Amino acid sequence: WFGELDLNWVQLDNMGKAAITAAIKVEYETAFTPPQNNVFHGISVTNGFEYGLHLQSLTTPVLVKDSVFTNTASGGIFGDRFARAIRAVGNAVSNIYRSPYAAQAVNEQTGGSRVPNFAGIRIDERPIV
């Protein structure tokens with residue numbers, strides 16, 4: 001499916017599981033001319049096992065406005081480092097925790113472990129462990 005997304009006043013509960021990166025994922029492999037528009041207005045994501053919203057949107061404009069992300073693992077909103085046109089306005093993110101499905105690397109010599117960081121709103125490169 002190609003086109004624009006305008007998602008208004010939608011609630012998503014208990015979404016995501018192992019190997020699914022978010023309750024909602026926007027992924028473009030190429031930039032469009034003219035760019036598409038994606039709007040998430042007043043959405044609610046609760047009890048997710050991974051990010052509430054995962055944006056791999058390149059130069060495509062994305063607006064996330066007046067939305068709530070609570071009890072989600074890893075973070076509320078995640079935009080990868082190539083997502084260049086994300087605007088997040090008036091959102092709330094609370095009670096973020098480390099996903100029970102998150103990758104964990106263990107040092108064979110010391111027994112120490114390394115886990116990915118998580119944040120409420122994160123715009124960068126997804127950690128690879």
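**Core and strands of a predicted model**

Of the 15 residues in the largest nonpolar core, those touching the most other members are Ile24, Phe40, Ile43, Leu53, Leu55, Val64 and Phe69. A nonpolar core is a set of buried Ala, Val, Leu, Ile, Met, Phe, Trp, Tyr and Cys residues joined through side-chain atoms within 4.5 Å; buried means under 20% relative accessible area, exposed over 50%, partly exposed in between (1.4 Å probe, protein chains only).

Colleague: Which strand supplies the largest share of this core?
Modeller: β3, β6 and β7 (62-65) each give at least two residues. Strands are DSSP runs of E, at least two residues, numbered from the N terminus. The largest share, three residues, comes from β3.

Colleague: In β9, which residue is the bridge partner of His54?
Modeller: Strands pair if DSSP finds at least two bridges between them. β6 (residues 51-56) and β9 (residues 77-79) pair in the parallel sense over three bridges. The partner of His54 in β9 is Phe78.

Colleague: Is Arg87 buried or exposed?
Modeller: Arg87 lies in strand β10 (residues 86-89). Beyond four places in sequence, Arg87 touches Val62, Leu63 and Val64, contact being heavy atoms within 4.5 Å. Because its relative accessibility is 56%, Arg87 counts as exposed.

Key: Residues numbered from 1 in each chain as written. Predicted model: local features only at pLDDT ≥ 70, side-chain atom pairs only at ≥ 80, totals over all residues. Heavy atoms only, no water. Helix = DSSP H or I, 4+ residues; strand = E, 2+ residues; numbered from the N terminus.
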